[in-house]
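User: I'm new to this structure and would like to learn how to read it. Could you walk me through some features, one at a time?

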Amino acid sequence: MRALCWEGVGKLAVRDVPEPTIRSGGDILVKVRASSVCGSDLHLINGYLPAMREGDILGHEFMGEVVETGPDVRRISVGDRVVVGSVVACGSCWYCRTEQFSLCDNSNPQPVFTEKLWGHSPAGILGYSHAAGGYSGSHAEYIRVPFGDVGAFTVPDGVPDDSVVFASDAMPTGWMAADFCNLKGGEVVAVWGAGGVGQMAARSAQILGAERVVVIDRLPERLATASQRLGVETINYAETDVLEALREMTAGRGPDACIEAVGMESHDVGPAYAYDKAKQTVRAQTDRPTSVRQAIMAARKGGTVSIVGVYGGLVDKFPLGAAMNKALVLRMGQMHAQRYIPMLLDRVAAGEIDPGYLATHPMSLEQGARGYEIFEKKEDGCLRTVLHPQAA
Amino acid sequence: MPSNATRWALAGAAAVTALGVTRTVARRRHRHQPDREDGWYVVRRGITVDRPVDAVIGFWTDRERLDRGLAEWATLEQLDANRWRCVAADPAGGGTEWRAEITVDGPGRLSWRVTDGPVAQPARVELVTAPQDRGTEIRAELRWRSGPIRRAVGLAGGTDPDLGLRTALRRIKSLIETGHVLDTRHDPSGRSPRQERATDKVREKLMVGGRP
């Protein structure tokens with residue numbers, strides 16, 4: 001079969017690779033119909049998460065059709081149209097039992113790297129390097145999904161592939177970000193990042209009761225889309241002092257909750273950003289936490305900072321004093337896909353959330369490298385490239 | 001050219017630094033060494049399984065489940081009411097085999113003795129109810145005779161008994177909780193056979209001794 005493989009830092013190519021097979025009783029094989037690029041893939045492609053091997057198949061946000069099931073699979077059948085959570089979860093350990101699926105004890109077969117780096121090893125993630133288990137990804141014609149009964153969900157009829165694909169990762173990540181904010185109704189929520197996850201977080205915050213949502217980015221077209229599609233207020237950080245703007249928008253209080261949906265390759269303007277970028281380039285810090293710093297400084301006293309942008313290692317100048325003295329609540333984590341996906345599919349079917357507009361650039365697998373380039377450079381108003389491995 | 005005094009100062013600073021580094025490394029190594037008791041290395045490792053003690057014991061007595069779970073890496077043969085023989089092999093087919101006799105010592109207690117391995121390894125396992133509805137703590141104690149050089153070689157080669165114990169506990173937990181031990185070694189990739197072999201070595205390093 002054909003698959004989009006990582007060939008070294010910044011290099012991608014389509015290769016002929018063997019087809020996956022059922023390896024464990026709970027496995028299912030999925031014929032991939034839509035597989036989205038994700039901002040967190042860029043960290044892998046650019047070598048910031050250093051556990052990729054040449055030839056690894058990328059992709060973790062996808063949907064498709066089940067073509068084979070292992071002997072222990074009960075809930076999912078051959079022929080089902082499914083969306084699959086990117087986080088692998090066994091469904092049987094204490095973390096899965098308490099719906100903290102991204103902390104699953106049994107789904108990362110290669111736990112040494114993350115155990116050394118983070119003290120414990122969280123769940124494996126499909127197509128997300130050897131630190132996350134070494135699973136093959138979804139930018140391929142077929143993918144093996146372990147614990148298929150836990151991770152795959154049948155898709156309601158009538159919802160297009162390029163819409164439902166975001167129920168795999170961007171939507172549950174955005175929802176979890178808003179869920180972390182513990183909204184009671186009437187809050188002001190600021191969201192850093194107007195990409196797929198940021199926009200889904202903004203929509204989720206609205207549904208969960210936020211009165212005002214402010215989205216922050218530097219790309220006018222993304223801010224315009226967020227404003228038109230979701231009716232949120234926007235701040236362009238390249239033109240406006242974000243902290244002052246948020247303070248004035250809230251009459252001095254600051255947002256009740258700040259959601260960070262950017263991650264380790266955060267951008268900013270000014271000399272501090274240049275310093276961070278230089279340090280990251282020589283690996284004196286692994287992550288650039290510009291937007292996290294801003295979120296902590298912006299949050300109201302006693303407010304919440306919710307981090308769903310991906311970070312891998314160590315950051316510099318983390319404003320712990322501000323977080324401590326303002327008595328902030330910090331919540332963060334990889335999303336618990338399996339907890340949220342069924343509820344989100346219902347909301348998509350009911351028309352309450354429509355993520356389809358994120359798929360600005362549908363492409364074939366062969367155009368994958370170019371698709372990532374457009375996505376990374378934010379060319380042509382790209383929000384998300386969605387690959388269709390079955391297309392010639 | 002620096003003066004003699006500068007040279008001596010630099011040499012002195014270098015010597016003190018080297019001494020400090022050596023001491024720190026030695027202290028760190030010491031901290032990472034297992035306990036020594038009467039010439040034996042002793043390690044105690046635990047893992048929490050999200051099942052009650054009865055279910056953990058039940059797993060070992062449910063032959064069908066056990067055989068299916070162990071199929072890839074071990075066979076278990078009952079010798080008499082309280083004794084079992086376990087033959088474990090490397091699922092990658094490395095040819096290494098581990099034979100042990102397992103004895104049930106009482107409720108929630110068992111011990112094993114390696115009968116055919118490179119080093120003698122008596123071990124004890126105890127099952128304790130974990131607090132806060134967290135299931136069962138499997139607490140294992142492993143003893144083996146070795147020296148610092150052999151241990152260093154074992155650590156480098158991934159054959160250290162402590163690494164083996166940690167891997168075994170992780171697999172046992174996964175088997176009891178899910179009925180499977182996941183493996184991504186045969187997942188497709190765009191690698192050549194040579195690259196795949198190199199990647200399998202990396203995978204091995206990332207698997208051996210790892211805990212969740």
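**Reading the structure step by step**

Analyst: Let's begin with one residue: A:Asp380 is exposed, with a relative accessible area of 64%. Exposed means over 50% relative accessible area, buried under 20%, and partly exposed in between (1.4 Å probe, protein chains only). This is a predicted model, in which local features need pLDDT of at least 70 and side-chain atom pairs count only at pLDDT 80 or more, while totals for chains, interfaces and linings use all residues. Residues are numbered from 1 along each chain as its sequence is written, chains are lettered from A and ligands numbered from 1 in the order in which they are written, and side-chain values use heavy atoms, leaving out hydrogens and water.

User: Where is A:Asp380, and what is its phi?

Analyst: Most residues other than glycine have a negative phi, and most peptide bonds are trans. A:Asp380 has a positive phi of about 55 degrees, although it is not a glycine. Its place is the loop between H14 and S15 of chain A. Helices (H or I, at least four residues) and strands (E, at least two) are DSSP runs, numbered from the N terminus. A:Lys378, which follows H14(A), also has a positive phi, near 55 degrees.

User: Is A:Phe147 buried or exposed?

Analyst: A:Phe147 counts as buried, at 7% relative accessibility. Phi of A:Phe147 is positive, near 50 degrees, and the residue lies in the loop between strand S6 (142-145) and helix H4 (148-151) of chain A.

User: Which residues of helix H14 of chain A are buried?

Analyst: An α-helix has 3.6 residues a turn, so residues three or four places apart point the same way. In H14 (residues 368-377) of chain A, the buried residues are A:Gly368, A:Gly371, A:Tyr372, A:Ile374 and A:Phe375. They cover an arc of only 160 degrees around the axis, which puts them on the same side of H14(A). The arc is that of the directions from the helix axis to the C-beta atoms. Their cover includes strand S1 (2-8), helix H1 (39-45) and helix H8 (220-230) of chain A.

User: How do the axes of H6 and H13 of chain A cross?

Analyst: Two packed helices are described by the angle between their axes and the distance between the axes. The axes of H6 (residues 170-180) and H13 (residues 337-349) of chain A come within 9 Å and cross at roughly 105 degrees. H6(A) and H13(A) are therefore roughly perpendicular to each other (65 to 115 degrees; under 35 counts as roughly parallel, over 145 as roughly antiparallel and the rest as oblique). Contact means heavy atoms within 4.5 Å, and the residues making it include A:Trp175 of H6(A) and A:Tyr340 of H13(A).

User: How many aromatic pairs does the structure hold?

Analyst: A pair of aromatic rings is described by the distance of the centres and the angle of the planes. Over all chains there is 1 aromatic pair. The rings of A:Trp94 and A:Tyr95 have their centres 5.0 Å apart and their planes at 80 degrees, so the pair is edge-to-face. Rings of Phe, Tyr and Trp (its six-membered ring) pair if their centres lie within 6.5 Å; planes under 30 degrees apart count as stacked, over 60 as edge-to-face and the rest as tilted.

User: What sits over the ring of A:Tyr95?

Analyst: The charged end of B:Arg134 does, 5.7 Å from the ring's centre. A charge sits over a ring if NZ of Lys or CZ of Arg is within 6 Å of the ring centre and within 35 degrees of the ring normal.

Methods:
Axes are lines fitted to C-alpha atoms, for helices over the stretch in contact, and angles run from 0 to 180 degrees between N-to-C directions.
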